[in-house]
Amino acid sequence: MITLERIVRELRDYDGEEIKIMEVCGTHTSSIFKNGIRSLISPKIRLISGPGCPVCVTPSVYVDKLVDIAGQERHCVLTFGDMMKVKGSRMSLTEAVAAGARVRVLYSPLDAVKIALEDKNTQYVFAAVGFETTTPVYGVLLDEITKREIHNLKLLTSLKIMVPALSYVCENEKNIDAFLAPGHVSVIIGCDVYKELAQKYKKPFVVAGFEGEHILAALYEILCQIKSGRHEMRNLYPNAVTEKGNLAAQSVIQKYFELKDDSWRGIGTIEKSALKLKPEYSKFDAGSSFDEFEEKIPAGCRCRDVILGRINPPECPLFSGACTPLNAVGPCMVSTEGVCGIWYKNRGGK
Ligand code: SF4
């Protein structure tokens, strides 16, 4: 069995052509900083981040809709804290609250049940944003709404799935050589889904845990595959990720949601990349489908390039000057999973 010392040595001594590896999940990005991974490996192995932050890819029209709902009489938006500072085309939810709108920050979607039951004169709308990791929880919330016959709680969904986004990146960003597959999402969807991507796009997809040694082992696996001209899916996180994923969670998703095309902020429309409520559950939908719209990107913001792995955040001219977590210009600076926010928190680190 190969030792960690040998893995680090191989990664450090690599002196071939530059290899660009995309880590898709914000937790991997954080762990890369926390463990000083860049300082351990050759500068010819370049680590870049991808579209793995759900708040970052939620279009501005969705935030606009939340702002409108929160401003209506006897309406209240329920949300996780991450969404509060994301700007729509006019304002963020934080700014809407300052202007008199009603918004409550929750830690669990299920808290919404109690809140709705306590005040039946208010129409509550939960901002359901996320990837496959959080969607099953919204399914459980819908079970509760149905069971308790709650009539004043709906969802405004911006629920996206990861594989179409990875296909989009593979199709459009040809210079990415390999992927560290998203860890948490893979727990739900399983690792088999990456086999097809690896074969179709001829790039290694490696599933890894979040500890420093897990990431190093995954990078080493990628390096070995590239050196030997292979492009395979490898699951190096078998304790948490199975071939088929969490079937119970998948069945909750399939019960309530169906695949639809959807817009990703900074990217545009990706076919069959969203989970929307099925027609038979439309009474729980607060209006989650939007007409064609033009995404307004703030002047100078390079979130699109960050999300697609074209640049790292410090290459954006606004990074840590005009754009900081306290005064975020783009969504990538707002969320705990946002790449720019993670780089800002770890600025000076490697
Ligand atoms: Fe967008 Fe701010 Fe990141 Fe620049 S630093 S890409 S403006 S979030």
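## A network around Arg-310

In this predicted model, Arg-310 and Asp-305 form a salt bridge whose closest N and O atoms are 3.1 Å apart, a salt bridge being a side-chain nitrogen of Lys or Arg within 4 Å of a carboxyl oxygen of Asp or Glu. Through salt bridges that share partners, Glu-173, Arg-302, Asp-305 and Arg-310 are joined into one network. Arg-310 counts as partly exposed at 32% relative accessibility, whereas Asp-305 is buried, with a relative accessible area of 15%; here buried means under 20% relative accessible area, exposed over 50%, and partly exposed in between, with a 1.4 Å probe and protein chains only.

Residues are numbered from 1 along each chain as its sequence is written, and side-chain values use heavy atoms, with hydrogens and water left out. Because this is a predicted model, local features need pLDDT of at least 70 and side-chain atom pairs count only at pLDDT 80 or more, while totals for chains, interfaces and linings use all residues.

The structure holds 22 salt bridges, among them the pair of Lys-227 and Glu-10, with closest N and O atoms 3.8 Å apart. This pair links Lys-227 in helix H11 (residues 212-227) to Glu-10 in helix H1 (residues 4-13), 217 residues apart; helices (H or I, at least four residues) and strands (E, at least two) are DSSP runs, numbered from the N terminus. Lys-227 is exposed, with a relative accessible area of 53%, and Glu-10 is partly exposed, with a value of 24%.

Another salt bridge brings together the side chains of Lys-160 and Asp-262 at 2.8 Å, N to O, linking strand E6 (residues 153-160) with strand E10 (residues 257-264) across 102 residues. Lys-160 counts as buried at 1% relative accessibility, and Asp-262 counts as buried at 12%.

The protein chain is divided into domain 1 (1-298) and domain 2 (303-345), with bounds that come from an automatic or database domain assignment. The contact, meaning heavy atoms within 4.5 Å, takes 31 residues from domain 1 and 22 residues from domain 2. About 2200 Å² is buried between the domains, of which carbon and sulfur atoms give 56%; this buried area is the accessible area (1.4 Å probe) that two parts lose on being put together, summed over both.

Across the interface of domain 1 and domain 2 there are 2 salt bridges, and the side chains of Glu-315 and Arg-46 meet in a salt bridge at 3.4 Å, N to O. On the side of domain 1 that touches domain 2, strand E1 (19-23), helix H2 (26-34), strand E2 (45-49) and helix H8 (162-172) each supply at least two residues. Helix H8 is mostly covered, with 8 of its 11 residues buried, including Met-162, Leu-166 and Val-169.

A search of the whole structure finds 1 disulfide, a disulfide being a pair of cysteine sulfur atoms within 2.5 Å. Cys-53 and Cys-56 form this disulfide, with sulfur atoms 2.3 Å apart, and both residues are buried. The torsion about their S-S bond is about 75 degrees, so the disulfide is right-handed.

For Cys-25, the closest cysteine sulfur is that of Cys-53, at 10 Å, which is too far for a bond; Cys-25 is buried, with a relative accessible area of 6%. The sulfur of Cys-332 is 3.5 Å from the closest cysteine sulfur, in Cys-303, again too far for a bond, and Cys-332 counts as buried at 1% relative accessibility.
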